[in-house]
Each structure stands twice: as structure tokens, then as C-alpha cells.
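Thanks for sending this one over. Here are my notes, written to be read with the model open beside them.

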Amino acid sequence: MPGVVRLDRQAVAAGTAPTSAEVVPPGEPRRRAAFRPDIEGLRGIAVLSVLAFHAAVPGPTGGYVGVDIFFVISGFLITGLLTGRPLGLWDFAARRARRILPAAATVLVATAAAGGALLDPLRGTDLAHDLIAAAGQFANWRFVGQQTDYLAAEHDPSPLQHFWSLGVENQFYLLWGVLLLGLARYLHGRRRTLAITLATLAVGGISLALCLRWTATSAPLAYFSTGSRLWEFAAGACAALAGSALAARTPGRAATGALRVLGWAGLAAVAASILLYDRTTPFPGAAALLPVLGTAALLLAAPSDRVVGGLLATRPLRAAGRLSYAWYLWHWPVLTIAQARYGQLPWTVLLALTAASALPAWLTMRLVEQPLRYGSSPAPRRGLAVGASALVIPLIAALTLGGGAVRALGGTADTPAVAPAGAVAGPALLAPGARVLGLTPSLARARQDFPPGKGCEIPLNADSSPRCLFGDEDSPDRIVLLGDSHAGQWISAGLKLAEQRHWALEVLVKPGCPLATLTVRNDVLGRTFDECDRWRENTLTRLTSGPKPRLVLMAGLNRYGSQEERTTGWTRTLDRLAALGAPLAYLGDTPMPGKDIPTCLAASDGRSDACFFPRDTAFERDPMLDGGLAARYGVHTLDLGPLLCPGSGPSCPAVLEGVVLYRDTGHITDTLARVLAPRLDKGLLGAP
């Protein structure tokens with residue numbers, strides 16, 4: 001469905017485990033950190049859980065928490081590194097660059113090459129933009145912007161979507177390096193340790209509060225943003241600081257026993273979240289506390305319990321842990337490009353592809369990651385040079401891929417679409433004599449062929465619409481366009497009706513919110529869409545208290561709830577609207593392709609017959625059109641379904657008379673809305 005956020009992740013491993021987090025002032029000798037095989041095994045659990053989740057293996061439905069496990073491990077290790085060794089900021093940055101960027105650059109360049117060879121030009125254009133964001137370490141913010149924009153077309157997941165967490169990780173490294181090394185430079189002894197502890201608790205507390213708030217109000221922001229994830233790194237940092245305090249004294253029998261209980265509780269918490277969570281769990285939010293605190297408990301307690309530590313340090317888990325970073329980088333492009341090319345694949349095939357991606361991951365680890373991490377010069381300038389190269393090379397690949405995609409599409413999205421004249425009535429879409437050469441809008445433009453009302457959109461947590469007027473805004477007469485995003489797609493057509501009469505057009509739309517009075521669940525929020533109920537009530541009250549409109553034009557997605565619930569919901573809403581005394585009109589819902597039409601057309605070189613979609617899934621029974629409600633309340637209806645899906649065959653077209661009908665999986669292009677404006681004028685207002 002439109003607006004559903006795909007919660008896919010990529011985990012990043014970092015560093016070796018310190019023995020403690022005791023702060024060492026600059027100039028003192030560097031201690032060599034002891035190797036922790038249990039942490040390597042914990043990485044293995046994290047990587048295997050996410051791989052299984054992405055491959056849709058039955059069972060570990062909460063495997064996405066592996067990313068959170070990695071975040072906690074990174075916070076633990078980096079805090080130990082920064083507080084336990086006399087590092088300078090440039091030295092630290094060079095270490096991170098050698099550790100992370102070369103392997104990432106290798107995967108980015110390989111993905112660009114595979115995308116150029118196997119993906120259609122539209123997906124290639126998207127991939128080029130994702131490459132720039134991933135190479136620049138801000139992919140998480142790109143996906144925040146994409147997922148929170150309801151006008152954005154719904155696409156298949158990006159082959160680089162998993163790089164969001166790499167962006168979060170590197171942004172954390174920058175913040176933590178500056179913060180901890182700055183405190184180590186200007187404070188000493190216990191004051192330094194106290195300051196680091198307080199800073200960790202402050203950052204973690206603020207971040208957790210943001211996480212809880214944003215999970216309830218903006219799931220993409222909560223999921224992808226750095227601010228809502230810092231507390232997970234801080235939890236690992238707290239475990240490192242607590243481990244330092246424990247290492248400074250000999251624990252008694254009671255303390256050792258408590259640590260063992262803590263270790264088993266942590267293991268149970270991690271296992272429970274992997275096995276019991278699923279895609280419907282509101283996440284991260286409070287649900288993330290279970291895997292995060294469980295991982296922190298394991299990091300703190302595993303060295304004190306040979307059984308728990310031994311379970312984590314088994315050879316298979318350690319082998320997966322060693323390969324974890326490169327395997328994560330490789331597996332997601334393999335899965336997504338394969339499915340973009342061959343369609344949805346069964347989990348058994350996805351699992352085989354995931355296993356096969358271990359080979360390029362192993363080669364990357366042996367030939368790129370390890371040589372540059374351990375074999376290159378330790379001088380900071382060499383490490384920074386390696387990092388700079390690893391940033392520039394993927395950018396060149398992105399520009400090359402993007403340029404080729406633009407040439408293949410024959411233009412850019414900035415080229416405006418010219419709407420041909422539409423027929424006023426009859427079976428033809430265009431007016432007699434109107435012709436379209438090629439496709440309009442162009443394939444490069446189709447996804448961005450939005451209505452002009454983007455400023456009218458309201459976020460999911462909003463419960464009232466802003467003042468949003470078009471046309472003659474000072475006119476006492478107005479048309480009110482009312483509904484969800486399937487109403488918003490008609491803004492240009494409604495504006496044409498208003499302009500011809502010197503009226504205003506008022507837009508009152510809320511994405512994902514039915515105008516019919518029924519409570520729905522929002523998949524982005526992961527809960528009941530209470531804001532929708534409040535918006536509907538506020539909007540109906542607002543119409544009652546304002547001047548009477550010349551026309552209330554209703555439209556919306558006809559797929560909320562059951563048929564009976566829709567009928568009851570519309571009855572309640574129409575009772576309120578009929579009391580206005582204004583003329584009421586209803587536009588039947590447009591067909592639902594259920595697939596990204598511009599991408600399909602691009603993949604088929606513009607052959608529209610390759611993008612037909614089934615008639616039996618394109619429509620739902622509409623109580624306003626078929627249930628007698630319109631006649632009971634005097635609602636003027638217009639059903640454009642027979643025009644957009646003509647005839648009686650099994651399929652509906654994606655292109656009619658050269659006009660691309662849909663800009664994504666379910667919304668019509670703004671070009672089509674403008675073509676249909678004369679038909680709406682005659683069908684709703686009786687224009688000649």
C-alpha cells in the first residue's frame with residue numbers, strides 16, 4: 001500500500017574489544033586490547049538474524065533487531081577505544097576510514113555496475129542518487145525524506161537502503177570522537193571519567209526520548225535518523241564504562257552470580273526479540289529496549305560466565321561475525337537487484353542468494369578490508385587518503401550511472417509535461433484531433449508529475465489542515481476538495497473548474513485517512529490512526545462553521561475496512577455533510593495498478609502493453625456508486641473507471657492515447673488530472 005515504510009537494515013561491525021574503559025591521559029603508553037571471542041560471536045548472531053529476516057526465512061520475524069545489536073556493540077567498542085587509548089582525533093578518523101570506507105566503496109561501485117546492466121533506467125536514476133547519499137554517509141537522511149513525503153511515489157526498496165545504518169554509524173563516530181576526545185583533552189582523572197559518564201547518560205536520555213516520541217508520530221524519522229538511534233550506542237558505552245569500574249576491583253561471589261544471571265537474562269532478551277517481534281511491532285520505540293539492554297547485558301556479563309561466553313564464542317558464530325560487515329554490505333544489493341530483475345522470489349531462493357553473497361563478501365574481506373585495515377601505513381594522513389579515495393570513486397560511479405540513465409530516458413524530470421486537450425465526454429480520452437507523440441508525461445518526468453498542492457500536505461501526527469487555497473483566493477465562492485491522497489490527486493482538475501468561474505479551490509486532504517467515518521490502522525505509525533479520526537472531526541466542524549461552499553467534491557481510496565464498514569462510515573459522514581446544504585459530488589476511485597507503472601514502462605522500453613494489470617484487482621465495490629448512498633443523500637457522482645479501464649477484458653491499461661495514467665502504484669499523474677478536467681466540469685457542474 002502507498003505510504004508503507006519498508007524497514008530494511010544493515011549492520012556495521014567496528015574495532016576490537018577493549019579490556020576496560022578506563023581513561024588514559026595523552027602521553028601515557030598505549031595498552032593492547034584483549035580479544036573478546038564472545039563479541040565476535042555476538043556479531044554473528046546479529047548478522048545471521050538480519051540475513052534471515054531479509055531472506056524472509058520463517059521463524060526469526062524480528063531479525064531486524066540485529067542492527068540494534070550492532071549499534072550497541074559499536075558504542076561499547078568505540079567508547080573503550082576512545083577512553084582506553086591515547087588517540088588524537090585525526091588518528092581516530094583515519095582508523096575509522098580504513099576500517100569502514102574501502103569495503104563500502106567496493107560494494108557501491110559493484111552495485112552501480114550491476115544496476116547499470118540489470119536495472120531499468122528509472123531504477124538506475126534512483127540508484128545514482130542513492131549512491132551519492134551512501135558515499136557521502138548521509139543515506140539515512142535521504143530515506144527519511146523519501147519515506148515521510150506522502151507525494152513521493154512508492155518504489156521497490158533501494159539496493160542501497162541498508163546503507164542508512166552505515167550513515168548513522170559514521171555520524172555517531174564523528175560525534176563521539178569529538179566529545180570523548182575533547183573531554184579527555186581538557187579534563188583529568190575522576191573528573192574526566194565523571195564527565196564522560198554524565199555526557200553518555202545525557203545523550204542517551206535525550207535520544208531515547210526522541211525515539212519514543214518519533215516512533216509514535218513519524219516512524220521513518222524514528223527509524224532512520226541519528227537522533228533517535230544514539231541511545232543504542234550510548235547503552236553500549238554505559239556497558240563499557242561499567243565494565244571499566246568492575247575491572248578495577250575483584251568481584252565477590254555475589255557479584256559474580258549477579259553477572260551470570262544478567263548474562264542469561266541478556267541472552268533471553270535478544271532471543272525473544274528476534275523470535276517474537278515482527279513487521280507489525282512499533283519499532284524502534286520502547287520495543288527496542290529489549291534487544292538493546294539485552295545486548296548491553298551480554299557485553300558486560302559474558303566474560304564472567306563461561307557458559308554464556310562459550311555459547312557466543314562457538315566457531316560458526318565467530319566465523320559469521322568475522323564476515324559480518326562485508327556480508328551485510330553485499331547481501332542486500334544481491335537480493336534487491338535479483339528481485340527487481342526477476343520479480344518476487346520465494347524465501348528458499350532468497351536464502352540461497354544470501355548464502356551466495358558470502359563469496360564476494362569473503363573476497364572483499366580478504367582482498368580489501370583486511371589489507372587496508374592492517375597492512376597500510378598507520379600514519380593518519382595515509383588513512384585519510386584511503387578514506388577520501390573511497391568517497392570519490394563511488395561518486396564517479398554514481399555520476400556515470402546517472403548520466404547513462406538520463407540518456408536512456410531521453411530527458412530529465414525537470415522537463416514540464418504538456419497536457420493535451422481532453423474530451424468532454426465519450427469513450428475517447430483526448431479531444432478529437434488531439435495527438436500525443438511518444439509518452440506524456442515522459443518516463444523521466446512521470447514519477448514527479450505531482451499536483452500543485454504539496455504545501456497542503458500534513459504530517460501523519462497532524463489533526464487539522466492548514467489554510468490551502470488556489471485560484472481566486474478572495475472569492476466568497478469556493479469548491480472544497482475533501483478526502484485522502486486519492487482526493488489530492490485531483491487538485492489540478494478542481495483548480496481548472498474553480499478558475500473558469502473565478503472561484504477559489506480549498507484543499508482539505510489527509511493522506512491515508514478515509515473521509516468515511518471509520519477508524520483505520522496506519523502501517524507507517526504501526527498503530528491505530530487516531531490522528532485521522534481527529535482530523536476528520538475537525539474538518540467537518542470547520543466546514544460547518546465556515547461559509548457554505550459552492551461544491552463539496554469528495555474522493556478517496558476505496559479500500560479502507562470491509563464493505564460493510566465503508567457503507568456505515570460513509571453514512572455517518574454524509575449525515576454531517578448533508579447538513580451543510582451545499583451541493584455534494586463524489587469521484588469514484590481510480591483503478592489501482594498495484595505496481596510501479598513508470599518503472600514498468602521504463603523496463604519495457606515504453607511498450608505500454610507490457611504493463612497491463614488485472615481488472616479484478618483494480619477495483620473494489622464502492623458503496624457510494626453501487627450501494628444507493630448517493631441517491632439517498634443527493635450526491636452527484638462521476639465514475640471514471642470505465643474510461644481508464646475500457647472494455648470488459650481481463651486487464652487494464654497503463655497508457656491511453658499516449659498519456660501515462662499513473663505516477664506510482666496507485667495515484668494518477670497530474671497530466672491525466674488536467675486532461676480529465678473538462679470531463680469533470682461537464683459531469684459535475686454541467687458545463688457545456
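This is a predicted model: local features need pLDDT of at least 70, side-chain atom pairs count only at pLDDT 80 or more; totals for chains, interfaces and linings use all residues.

1. Residues are numbered from 1 along each chain as its sequence is written, and side-chain values use heavy atoms, with hydrogens and water left out.

2. How are the cysteines paired? The structure holds four disulfides, a disulfide being a pair of cysteine sulfur atoms within 2.5 Å. Counting bonded cysteines along the protein chain, the pattern is 1-2, 3-4, 5-6, 7-8.

3. Do look at the bond between cysteine 513 and cysteine 532, where the sulfur atoms are 2.0 Å apart. The link is right-handed, with 80 degrees about the S-S bond. It connects distant parts of the chain, 19 residues apart: cysteine 513 lies in the loop between β3 (504-509) and β4 (521-522), and cysteine 532 in helix α20 (residues 530-545). Helices (H or I, at least four residues) and strands (E, at least two) are DSSP runs numbered from the N terminus. Cysteine 513 counts as buried because its relative accessibility is 0%, and cysteine 532 is buried with a relative accessible area of 0%. Here buried means under 20% relative accessible area, exposed over 50% and partly exposed in between (1.4 Å probe, protein chains only).

4. Cysteine 600 is joined to cysteine 611 with an S to S distance of 2.2 Å. This link is left-handed, at -105 degrees about the S-S bond. Its ends sit in helix α22 (residues 597-603) for cysteine 600 and in the loop between α22 and β8 (613-614) for cysteine 611, 11 residues apart. Both cysteine 600 and cysteine 611 are buried.

5. Cysteine 645 and cysteine 652 also form a disulfide, with sulfur atoms 2.0 Å apart. The link is left-handed, with -80 degrees about the S-S bond, and both of these cysteines are buried.

6. Which cysteine sulfur is nearest to that of cysteine 211? Cysteine 211 is in no disulfide, and the nearest cysteine sulfur is that of cysteine 238, 16 Å away. Cysteine 238 is likewise in no disulfide. Cysteine 211 is buried at 0% relative accessibility, whereas cysteine 238 is partly exposed at 29%.

7. Helix α20 deserves a look of its own. Its buried residues are Glu531, Cys532, Trp535, Arg536, Thr539, Leu540 and Leu543. Covering the buried residues are elements including α7 (189-217), β2 (478-483) and α21 (563-578).

8. On to the nonpolar cores, sets of buried Ala, Val, Leu, Ile, Met, Phe, Trp, Tyr and Cys residues joined through side-chain atoms within 4.5 Å. The largest has 100 residues, and among those touching the most other members are Leu42, Ile78 and Phe92. Helix α2 (residues 66-84) gives the largest share of this core, 11 residues. A second, separate core of 55 residues includes Ala555, Val660, Ala677 and Leu684.

Terms used:
Contact means heavy atoms within 4.5 Å.
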